[in-house]
Amino acid sequence: MKEIAIEDLTLNPFTVFGRDWMALAVGNEQDGCNAMTVSWGQLGALWERSSHSNRLPTAVCYVRPSRYTKAWMEREKMFTLCHFDGSHKKALSYLGSHSGRDGDKLAAAGLTPVFEFGTVYPAEADLVFICHKLYSQDLEDACFADREIVDFNYPERDFHTMYIGEIVKVLKREENSNGR
Ligand SMILES: Cc1cc2nc3c(=O)[nH]c(=O)nc-3n(C[C@H](O)[C@H](O)[C@H](O)COP(=O)(O)O)c2cc1C
């Protein structure tokens, strides 16, 4: 994988989550890791820092309380959002339909964890956003302005937790590369 400047990205933020899906990976070399599929999320600009000359590049993802990944997201300071080319859709389906509580999902999905930059990502990804957790909050029933969204998405009121991460690095698979 090669680090690229965020300005050089050409992806479509709508299709990258909604159509292609992403893997949300979280963990560290000592404790291991977990990953799950996410198709709800945003990429954009939010907040500023004295050390950063521009608005911070940020990624947002949403994790339901029932996910094993949720405990990892609470513990870890970093997470990654990982995009794959179409040939890995089966692996993403696996990550999105099995729980890490029941075993090593990455291995079962044929993915290889790379522990780097204080976090983890699958070597097979073609694009990785390395994120530093900035903010998390449970979505709240009373805050929904449109009740249809609540009734349609949360019949059991199991609201997602929203995680906003600063994108500190973007890694891109190099052409003709099979691994890192
Ligand atoms: C296409 C797809 C998209 C998904 N998007 C999300 C999402 O954005 N947020 C979420 O909490 N779960 C989402 N899920 C469900 C989790 O990926 C799934 O429950 C997973 O098995 C959780 O794994 P875990 O228990 O190891 O964390 C999605 C599943 C699929 C198949």
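The following legends describe an overall view and several close-up views of a predicted protein model.

In this predicted model, local features need pLDDT of at least 70 and side-chain atom pairs count only at pLDDT 80 or more, whereas totals for chains, interfaces and linings use all residues. Residues are numbered from 1 along each chain as its sequence is written, and side-chain values use heavy atoms, with hydrogens and water left out.

**Figure 1. Overall view of the protein.** The protein has 5 helices and 10 strands; helices (H or I, at least four residues) and strands (E, at least two) are DSSP runs, numbered from the N terminus. Along the principal axes, the C-alpha atoms fill a box of roughly 50 × 45 × 30 Å. A compact globule of 180 residues would have a radius of gyration near 16 Å, and the protein agrees with this at 16 Å. The radius of gyration is taken over C-alpha atoms, and the globule rule is 2.2 Å times the number of residues to the power 0.38. Of the 180 residues, 44% count as buried, where buried means under 20% relative accessible area (1.4 Å probe, protein chains only). Among contacts (heavy atoms within 4.5 Å) between residues at least 6 apart in sequence, 71% join residues at least 24 apart.

**Figure 2. Close-up of the largest pocket.** The largest pocket has a volume of about 420 Å³. Of the 22 residues that line this pocket, I6, E7, P57, I167 and V170 are the closest to its centre. Two or more lining residues come from each of the elements β1 (2-4), β4 (41-46), β5 (56-63) and β10 (161-172). Strand β10 gives the most, with 5 residues. By type, the lining divides into 13 nonpolar, 4 polar and 5 charged residues. Here Ala, Val, Leu, Ile, Met, Phe, Trp, Tyr, Cys and Pro count as nonpolar, Asp, Glu, Lys and Arg as charged, and the others, Gly among them, as polar. On a 1 Å grid over the protein atoms alone, a pocket is an open set of points where a 1.4 Å probe fits, with protein on both sides within 12 Å along at least five of seven lines; lining residues have an atom within 4 Å of a point. Grid points are joined across faces, edges and corners, and a volume is the space filled by probe spheres set on the points.

Figure 3. V170 counts as buried, at 3% relative accessibility. Leaving aside neighbours within four places in sequence, V170 is in contact with K2, E3, I4, I6, L9, L127, V128 and F129. V170 and L9 are 161 residues apart in sequence, yet 8.9 Å apart in space, C-alpha to C-alpha.

**Figure 4. Close-up of the second largest pocket.** This pocket has a volume of about 320 Å³. Its lining consists of 22 residues, of which M36, T37, V38, R67 and G96 lie nearest the centre. At least two lining residues are supplied by each of β3 (32-38), β5 and α2 (68-75). Strand β3 gives the most, with 4 residues. The lining divides into 7 nonpolar, 11 polar and 4 charged residues.

Figure 5. A35 is buried, with a relative accessible area of 0%. Not counting residues up to four places away in sequence, A35 touches L24, A25, T69, L95, K105 and L106. A35 and L92 are 57 residues apart in sequence and 9.5 Å apart in space, C-alpha to C-alpha.

Technical notes. Buried means under 20% relative accessible area, exposed over 50%, partly exposed in between (1.4 Å probe, protein chains only).
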